[in-house]
Protein chains: 2
Amino acid sequence: MGSTVMSETPEIAHQLTWIAVDWGSSNLRAWGLDQHDQVIAQASSDKGMLALKADEYEAELLRLVGDWLPATGTTKAMVCGMAGARQGWLEAAYLPVPTRLDQLSQGAVTPTLTGDQLGVYLLPGLSQTRGTAIHFDVMRGEETQLAGLVADTPDFTGLACLPGTHAKWATLEAGAVSGFSTYLTGELYQLLANQSVLKHSVLSPSAARDDLNDAACREAFISAVSEIHQAPETFSSRLFGLRAQDLLDGRLPAGDTRGAVLAARLSGLAIGLELAGACRECPSDKPITLIGNQTLSQRYTLALNAMGYQTQHVDGDTAVLAGLRLAHRALK
Amino acid sequence: MGSTVMSETPEIAHQLTWIAVDWGSSNLRAWGLDQHDQVIAQASSDKGMLALKADEYEAELLRLVGDWLPATGTTKAMVCGMAGARQGWLEAAYLPVPTRLDQLSQGAVTPTLTGDQLGVYLLPGLSQTRGTAIHFDVMRGEETQLAGLVADTPDFTGLACLPGTHAKWATLEAGAVSGFSTYLTGELYQLLANQSVLKHSVLSPSAARDDLNDAACREAFISAVSEIHQAPETFSSRLFGLRAQDLLDGRLPAGDTRGAVLAARLSGLAIGLELAGACRECPSDKPITLIGNQTLSQRYTLALNAMGYQTQHVDGDTAVLAGLRLAHRALK
């Protein structure tokens, strides 16, 4: 079933106060929390939105957290992510920006359940509609990670970046999201590395995961970021240039190192294009907050620092849990 | 066999002087020419480089043009394209730019044949190596289309664009290619339209082929070209914005028209990114020469004219034949 349950002691049911859930497209993670908002149990499964019909969510959640629940009473479950999409459990309509991040739970919807052990709140995503095409945008799941920034600092102001398949950049002003942009960076990289003519030149992305520990790869990555940051209009020609370099450049190393260097360059081109767009109005005197896993955040840190921007990192899991805690508190 | 032979009259063998061949990755086209360089026979097959081993080229060419050949003597065949690649029939090493286009045949190679009916000349491609990564580039096949411009005007000077999967832009100075750049435009469009998250929003490219006859599609296309031409750094976010627009924009038409409008927009984003790079040094008082098929050239003409550039169009087949004629004359 691809699921893990990390704690099943009988004490959980006595301590459990509520349940936090991050339900994405391809997986589901749940945490059991006590009255002090401390995690006392954790479970996950690969039953994301893409694997479930609307009437299968309740059973899947109960399968995962059922053992934690007290014999009587109703336990609240705060859920963020794609479970609240139109194709998910029940649609939690997007809240239009600007939206205060401590008020996400005001847009939550509560699906009708067959049992009374759980009370489920599906949090909404955010949408942006401002007339012209450039300003249409949506997020679902990331808003709760952003809310994590506000949990400790209610008036948080600054620029946050959530790297990924569809990387999000959000401007926060006094605890509210005032605007955001999504960049197709991760998907663009995967398509080019695996399915374009460049697949003959770059080492497959999974094999090149830790390439930035290598000096030649790091240099190729930073150089590509810098080239595109300075001249984003050259993106499409530098893509083909990477293939031509593989054919013509005698100075490239041989074997897997060659493919890793060119993969690092491709990653730099894709991320550089994102930064060229996202950093047009970046402050250089205030850190950009990166929210996400360690590996990808390090890659963005390297790129942003090389471009002269400061960064700080918040772990993605920490952020989403903090955001769900904030939403739970706001519900009470 | 996926081949067509358009003329098989017995007179061909009496009139035939030489054979022109455009041998690409996925197909092969041959023309029989008389002493006045007029086409008197034509044949094609789907046996491109990707379908052939090195020792299969001679038989395939003979299968296609054998009926044209006189009983005695050796007939010259001028061949451009991927047949001269390292993975082709025999490698015709790239000529480095700058290269005069009337001297391509100086780099031709002659594969050893089993019979003596044909004398085959494989024309070389062009390469560009200038130290930094941005300047690595290669072409193979397009140089012969460019040579077609020089056939009538030996001192041709100007900018030429060959739209396609890997679009080429070449600067010609007094009959020589002084530099060129390849843009991954067509491949980028196909990957995004067919394999990315955008596939849910855009009508499949084949269905949308003639979309620019529709006013709404034309407007979406030109608007996208203009947005990216002005702000190429927004390319990656406007890609996702297209998906968000599909989800949020109530003004979009319904049904297939909606998908066609969004496909036109995607095409405009991809071509706009190319133009942003290629037109950095475009002259606005001299026409850009588009070489290629009617449909794609019309799309580029629309985009370039909207950006304030003049264009002229040369048919791709006409150009490659003219280039092969020039190479044949230079050989004598």
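Which side chains meet in a salt bridge with an N to O distance of 3.7 Å? One such pair is Glu233(B) and Arg280(A), where a salt bridge is a side-chain nitrogen of Lys or Arg within 4 Å of a carboxyl oxygen of Asp or Glu. Glu233(B) sits in the loop between α5 (215-230) and α6 (235-248) of chain B, and Arg280(A) in the loop between α7 and β14 (288-292) of chain A, so the pair joins two chains. Helices (H or I, at least four residues) and strands (E, at least two) are DSSP runs, numbered from the N terminus. Side chains of opposite charge can pair when their charged atoms come close.

This is a predicted model, in which local features need pLDDT of at least 70 and side-chain atom pairs count only at pLDDT 80 or more, while totals for chains, interfaces and linings use all residues. Residues are numbered from 1 along each chain as its sequence is written, chains are lettered from A and ligands numbered from 1 in the order in which they are written, and side-chain values use heavy atoms, with hydrogens and water left out.

Back to the interface. Glu233(A) and Arg280(B) also meet through their side chains in a salt bridge (3.7 Å, N to O), and the count between chain A and chain B is two salt bridges. Over all chains, the whole structure holds 24 salt bridges. The contact (heavy atoms within 4.5 Å) draws 44 residues from chain A and 44 residues from chain B. About 3900 Å² is buried between chain A and chain B, with carbon and sulfur atoms giving 70% of it; buried area is the accessible area (1.4 Å probe) that two parts lose on being put together, summed over both. On the chain A side, Phe136(A), Glu233(A) and Phe240(A) lose the most area to chain B, together 17% of what that side buries.

Several elements of chain A, including β13 (176-183), α4 (185-195) and α7 (255-278), each supply at least two residues of the side that touches chain B. The most comes from α6(A), with 11 residues.

What does α6(A) meet across the way? Part of the picture is an open sheet in chain B, where three strands run in the order β6-β9-β10 with mixed pairing; two strands pair if DSSP finds at least two bridges between them. At its edges stand β6 (95-96) and β10 (137-139) of chain B, each with a single partner strand, so one side of each is left without a neighbour in the sheet. α6(A) packs on this sheet, touching β9 and β10 of chain B, and its direction makes about 90 degrees with that of β10(B). Axes here are lines fitted to C-alpha atoms, for helices over the stretch in contact, and angles run from 0 to 180 degrees between N-to-C directions. Within the sheet, β6(B) and β9 (residues 126-128) of chain B pair in the parallel sense over two bridges, and Leu95(B) has Leu126(B) as its bridge partner.

Chain B also has an open sheet of six strands, ordered β7-β13-β12-β11-β14-β15, again with mixed pairing. Strands β14 (residues 288-292) and β15 of chain B run parallel, joined by five bridges, and Ile288(B) stands opposite Thr311(B).

The peptide bond from Val97(B) to Pro98(B) is cis, with omega near 0 degrees, and Pro98(B) lies in the loop between β6 and β7 of chain B.
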